[in-house]
Amino acid sequence: MLIAGNWKMFKGPVEAGDFCRALRDAALPDDVDVVVAPPYVSLAPAVQALAGTEIGVFAQNCHWEGEGAFTGEVSAPMLHELGVYGAIVGHSERRQLFGETDATVAQRCRAALAGGLNVIACVGETLEQREAGETDAVLRRQVSVLEADDNLVIAYEPIWAIGTGKTATPALAQQAHETIKSLLDLPVLYGGSVKPDNAAELLAQPAIDGALVGGASLDVESFAAICRCGSRS
Ligand code: PGA
């Protein structure tokens with residue numbers, strides 16, 4: 001079971017350090033892997049505050065080249081050097097707002113893995129696609145560019161459930177996760193309005209191997225509560 005907190009563009013270096021020190025002291029279950037994904041500028045204080053703990057620090061993206069003329073980008077070797085444990089790639093906000101395509105997501109994913117990072121690769125359909133009955137085809141297309149790897153997990157995030165308070169029903173999420181697993185035999189996290197009060201039911205689904213949490217990961221208590229929902233003990 002993996003619970004990952006995607007902070008998006010929240011928490012600068014000072015706040016990130018404070019948050020991670022508080023998280024280190026929070027009651028977290030031993031049988032749940034916990035990671036946080038701060039903005040780039042807050043990675044160093046997060047790594048420092050969580051040194052010596054089991055909590056991993058992820059970046060929210062990663063470029064496909066090791067270095068070069070790519071203004072505004074950060075590479076896997078740079079993240080690795082900083083002590084960052086992994087990277088999220090293909091988040092729907094990257095796809096919708098910053099022009100990421102299946103091809104660039106695949107490139108980023110491959111480079112991150114080759115650079116020694118663990119990867120959470122995000123997939124998911126829009127409301128329009130779901131209503132048009134295209135969910136399976138969209139997932140198939142997005143997953144088809146990825147290759148199985150021991151250090152790769154997929155996050156299923158239906159775009160209509162992100163930041164909207166509309167969570168997929170556990171049954172609907174289970175079904176999408178089964179589709180993804182039939183294409184690629186990897187752990188699949190659910191993401192989209194996961195909160196302390198719906199996490200237990202979602203995480204009880206057999207094909208749901210964890211959660212990618214946005215808004216509710218910004219508060220130590222609510223994030224820790226979601227982590228505890230993932231415990232089997
Ligand atoms: P949310 O975001 O939990 O705020 O819906 C999830 C995500 O975008 O990863």
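Q: Why is Lys 11 called buried?
A: Lys 11 has a relative accessibility of 12%. Buried means under 20% relative accessible area, exposed over 50%, and partly exposed in between (1.4 Å probe, protein chains only). The value for Lys 11 is under the limit for buried, so the label applies.

Q: What kind of model is this, and which residues and atoms count?
A: This is a predicted model, in which local features need pLDDT of at least 70 and side-chain atom pairs count only at pLDDT 80 or more, while totals for chains, interfaces and linings use all residues. Residues are numbered from 1 along each chain as its sequence is written, and side-chain values use heavy atoms, with hydrogens and water left out.

Q: Where is Lys 11 found, and what is its phi?
A: Lys 11 is in the loop between E1 and H1. Helices (H or I, at least four residues) and strands (E, at least two) are DSSP runs, numbered from the N terminus. Lys 11 is not a glycine, yet its phi is positive, at about 75°. Lys 8 lies in the loop between E1 and H1, and this non-glycine residue has a positive phi of about 55°.

Q: With which residues is Trp 7 in contact, neighbours within four places left aside?
A: Contact means heavy atoms within 4.5 Å. Among the residues that meet this test for Trp 7 are Phe 19, Val 36, Gln 60 and Leu 218.

Q: What makes helix H2 mostly covered?
A: Of the 8 residues in H2 (residues 43–50), 6 are buried. These are Leu 43, Pro 45, Ala 46, Val 47, Ala 49 and Leu 50. The cover over them includes H1, E2, strand E3 (56–59) and helix H3 (76–82). Just after H2, Gly 52 has a positive phi of about 80°.

Q: How do you know that Lys 8 and Glu 93 meet in a salt bridge?
A: A salt bridge is a side-chain nitrogen of Lys or Arg within 4 Å of a carboxyl oxygen of Asp or Glu. For Lys 8 and Glu 93 the N to O distance is 2.8 Å, so the pair passes the test. The two belong to distant parts of the chain, 85 residues apart, with Lys 8 in the loop between E1 and H1 and Glu 93 in helix H4 (residues 92–97). At 27%, Glu 93 counts as partly exposed.

Q: How many salt bridges does this rule give?
A: The count is 11.

Q: What makes Arg 108 and Glu 73 a salt bridge?
A: Their closest N and O atoms are 2.9 Å apart. Arg 108 is in helix H5 (residues 102–114) and Glu 73 in the loop between E3 and H3, so the pair ties together parts that are 35 residues apart in sequence. Arg 108 is buried at 5%, while Glu 73 is partly exposed at 28%.

Q: Which residues are linked with Arg 108 in a network?
A: Glu 73, Arg 94, Glu 100 and Arg 108 are linked by salt bridges. One of these pairs is Glu 100 with Arg 94, at 3.9 Å from N to O. Glu 100 is buried at 7%, and Arg 94 counts as partly exposed at 23%.

Q: What makes Gln 174 count as buried or exposed?
A: The relative accessibility of Gln 174 is 12%, so Gln 174 counts as buried. Gln 174 is part of helix H8 (residues 170–183). With neighbours within four places in sequence left aside, Gln 174 is in contact with Gln 205, Pro 206, Ala 207 and Ile 208.
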